[in-house]
Amino acid sequence: MRLKITYSELKSRQKLDLKSGNSKYYLHRHFSSPFTWIFVNLGIDPNTITIFSSLLCIIGVYFFLKGTFSGIILGLLFFILFSIFDMADGEVARITNSRSFEGLYFDRITHYLYNCF
């Protein structure tokens, strides 16, 4: 079952989340909002978003390790995209109320992967 939410409803829920202090990444929140809205309205599971974001991280490492100027720029771009999608997966989980211990564990593993890279 898909949850339909308007973009303004999403932004108002995010404001409540920001006021509660649950989010430390205010900059990424501005960029993740459109993706979160798309993911929620398409009914995409937060764990699917986490898998996709970890793939972005691995692609970023590939470009970064090439050592060329363009490779480093592309690698950094993919790392930034990883951070944005990582923010979106948590937002989707909170909005759809699909938080789980397994999802949290899986998300933490991707954080460790990102930190190692």
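The model is predicted, with local features needing pLDDT of at least 70 and side-chain atom pairs pLDDT 80 or more, while totals for chains, interfaces and linings use all residues. Residues are numbered from 1 along each chain as its sequence is written, and side-chain values use heavy atoms, with hydrogens and water left out.

Trainee: How many helices and strands does the protein chain have?

Mentor: Helices (H or I, at least four residues) and strands (E, at least two) are DSSP runs, numbered from the N terminus. From that end, the elements run α-α-α-α-α. The count is 5 helices and 0 strands.

Trainee: Are helix 3 and helix 4 roughly parallel or roughly antiparallel?

Mentor: Axes are lines fitted to C-alpha atoms, for helices over the stretch in contact, and angles run from 0 to 180 degrees between N-to-C directions. The axes of helix 3 (residues 46–66) and helix 4 (residues 69–96) come within 7 Å and cross at roughly 170 degrees. Angles under 35 degrees count as roughly parallel, over 145 as roughly antiparallel, 65 to 115 as roughly perpendicular and the rest as oblique. Helix 3 and helix 4 are therefore roughly antiparallel.

Trainee: Which span should the 28 residues of helix 4 have, and how far apart are its end C-alpha atoms?

Mentor: The expected span is 1.5 Å times one less than the number of residues. For helix 4 this should come to 40 Å, which agrees with the distance between its end C-alpha atoms, 41 Å.

Trainee: Why does the pair of phenylalanine 63 and phenylalanine 78 have the class it has?

Mentor: Rings of Phe, Tyr and Trp (its six-membered ring) pair if their centres lie within 6.5 Å; planes under 30 degrees apart count as stacked, over 60 as edge-to-face and the rest as tilted. By this rule there are 6 aromatic pairs. In the pair of phenylalanine 63 and phenylalanine 78, the ring centres are 5.7 Å apart and the planes stand at 10 degrees, so the pair is stacked.

Trainee: Which parts does that pair tie together?

Mentor: The two residues are 15 apart in sequence. Phenylalanine 63 lies in helix 3 and phenylalanine 78 in helix 4, so the parts tied together are in helix 3 and helix 4.

Trainee: Is arginine 99 buried or exposed?

Mentor: Arginine 99 is found in the loop between helix 4 and helix 5 (101–116). Buried means under 20% relative accessible area, exposed over 50%, and partly exposed in between (1.4 Å probe, protein chains only). At 57% relative accessibility, arginine 99 counts as exposed.
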